[in-house]
Amino acid sequence: MIFTQRKMKQFVFTIVCVILVLGFYKSWARTDNEHSLFSHQHLTKSTDNDMESSLNKAKNENPPGYIEINDLQEANNRIRELEDKLQRIEVKIENRVPKNFPTVKFLNYKNRKRILVTGGAGFVGSHLVDRLMLAGHEVTVVDNFFTGRKRNVEHWIGHENFELVHHDIVRPLYLEVDEIYHLASPASPPHYMLNPVKTIKTNTLGTINVLGLAKRVGARVLIASTSEVYGDPNEHPQTETYWGHVNPIGPRACYDEGKRVAETLSYAYMRQEGVSVRVARIFNTFGPRMHMNDGRVVSNFILQALQNDSITIYGDGHQTRSFQYVSDLVDGLIVLMSSNYTLPINIGNPVEHTIEQFALMIKDLVGGTSKVVELAAVEDDPQRRRPDISRAKKYLDWEPKVPLAEGLKRTISYFAKELQRTKHSQRDSFEMEQLPLFKNDHDIIENL
Ligand SMILES: NC(=O)c1ccc[n+]([C@@H]2O[C@H](COP(=O)([O-])OP(=O)(O)OC[C@H]3O[C@@H](n4cnc5c(N)ncnc54)[C@H](O)[C@@H]3O)[C@@H](O)[C@H]2O)c1
């Protein structure tokens, strides 16, 4: 019995021990699991922290130009944005520069001339450029864009026969050319009076540079002179033999005397250096591409009438002018250049009108409600101006063809379009898909 009790005690003790051992093992195993999980998490966290700190360390330690993965992505996005932007600009440029140029005549090497037009981005110059380009010549325009605009010749930019050079004629230039039309000079009173010294330089130094170039390369030069060399004339109509009546110290002298010196220089180069010169004394000319703010009678009156403003006349309106349409002038310049006539020659329209008549004619053609009003007369404003064109008729077989009303209609329609296109965006969306066949500069104006 005693044995049994002892054995029982031993057995119970063993069971308790086993239970304790098992319980202890179980709790140890769970703790170990949790511990290992915790250690794993701890390890991961510490690895991230380590990486971050090592990247930061690397960033600080790396030389400039080091890019992180995030930066690379940002850079890629930026590159994509810039590529899109570039594509849009390319499309814009393609729209602005016509792919199809006006069709030009083909001239063989013998007949094709290399022609320089100074002031070719201006009003008259750009019409001359159109005509010379359509005829198949190689044309270089030199212009400082003082009063000219690239837009006047933009339809030729990129054409193999055309070149546009941004250059001030007061500085010498070196080109290989056969003919030079020297038109570079501001032409309207507000423009040439803006910087009188520069106007004198352009017409004197500029003309010397052009004549020097002509001498070097053996080119023929046509000088765009002006009826202003006659000043406020005592002789009417003005013949080329009239020496003029110019106030040498008046506000217009920078232009009038500048042009007179340009003529003097031309004949000095002809006599002394054997340069072949032509001198066109151009009378008032009008047409599309005239400056809208040049203060000249035609542009002033048309703009005022189109905007229903008062049409302003300076003085009593009885002073006379004779206006030629620009295509007639271009005909005259081209025929003079190809002629053998070397003395000055008047190129103008002899049909004379009073300023008041012009104002009323323009008012009628435009319609609208403008009134004609008189303002104080302008200093040194010539009272009468009409060319005698007997020389041009005799030696060039030239006379103007375009009637005043016809020329005015074309000019009014151009100005009306210009007023509509005041917003830059309208010009940007301007597309030139299929260009028609242009016979002359007028066709170009109508269609572009
Ligand atoms: N339009 C007329 O009624 C008229 C009358 C008589 C004479 N002209 C003469 O015809 C020529 C052209 O006149 P327009 O009416 O076309 O004038 P415009 O002002 O439209 O053109 C003159 C051009 O010469 C450029 N120019 C001016 N100074 C220059 C310089 N230093 N270097 C390079 N380029 C320069 C201008 O930027 C412009 O493109 C001028 O010489 C002018 O004296 C014109």
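Among contacts in the chain between residues at least 6 apart in sequence, what percentage join residues at least 24 apart? The figure is 81%. Keep that number in mind as we walk through this predicted model.

**The chain as a whole**

The chain is made of 448 residues, and 34% of them are buried. Along its length you will find 13 helices and 13 strands.

Strand 1 and strand 2 (residues 138–143) run parallel and are joined by five bridges. Within this pair, Thr 118 has Val 142 of strand 2 as its bridge partner. Is strand 1 enclosed or open, and why? Four of the five residues of strand 1 (residues 114–118) are buried, so the strand is largely enclosed by the rest of the structure.

The second pair is strand 6 (residues 277–282) and strand 11, which also run parallel, with three bridges between them. Here Ala 280 stands opposite Ile 345 in strand 11.

**Helices lying across the strands**

**Where helix 3 meets helix 8**

Two packed helices are described by the angle between their axes and the distance between the axes. For helix 3 and helix 8 (residues 326–338), the angle is about 65° and the axes are 10 Å apart. The crossing of helix 3 with helix 8 is right-handed. On the helix 3 side, the residues that meet helix 8 are Val 124, His 127, Leu 128 and Arg 131. Their counterparts in helix 8 are Val 326, Ser 327, Leu 329, Val 330, Leu 333 and Ile 334. Sorted by class, this contact has seven nonpolar, two polar and one charged residues.

**Around the ligand**

Which helix gives the most to the shell around the ligand? Helix 3 does, with three residues. Helix 3 (123–134), helix 5 (196–217) and strand 5 (220–226) each supply at least two residues of this shell. There are 29 residues around the ligand, and those that come nearest are Gly 119, Gly 122, Thr 147, Gly 148 and Ala 187. By class, the shell holds 13 nonpolar, 14 polar and two charged residues.

Most residues other than glycine have a negative phi, and most peptide bonds are trans. With that in mind, a few places in the loops deserve a look. A cis peptide bond, with omega about -15°, joins His 236 and Pro 237. Pro 237 is in the loop between strand 5 and helix 6 (253–273).

| Residue | Phi |
|---|---|
| Arg 289 | about 75° |
| Asp 397 | about 55° |

Arg 289 belongs to the loop between strand 7 (285–286) and helix 7 (297–306). Asp 397 is in the loop between helix 10 (390–396) and helix 11. Is Arg 289 buried or exposed? Arg 289 is buried, because 24 other C-beta atoms lie within 10 Å, and 20 or more are needed for that label. Asp 397 counts as exposed, because it has 9 C-beta neighbours inside 10 Å, and the limit for exposed is 12 or fewer.

**A link across the sequence**

Our last stop is Ala 416, which is part of helix 11 (residues 404–420). How many residues apart in sequence are Ala 416 and Leu 303? They are 113 residues apart, while their C-alpha atoms are 8.3 Å apart in space. Ala 416 counts as partly exposed, because it has 14 C-beta neighbours inside 10 Å.

Methods: Residues numbered from 1 in each chain as written. Predicted model: local features only at pLDDT ≥ 70, side-chain atom pairs only at ≥ 80, totals over all residues. Near = placed C-beta within 6 Å. Nonpolar A, V, L, I, M, F, W, Y, C, P; charged D, E, K, R; others polar. Axes fitted to C-alpha atoms, helices over the stretch in contact; angles between N-to-C directions. Left-handed = near helix turned anticlockwise from the far one by under 90°. Contact = placed C-beta atoms within 7 Å. Pairing = 2+ DSSP bridges.
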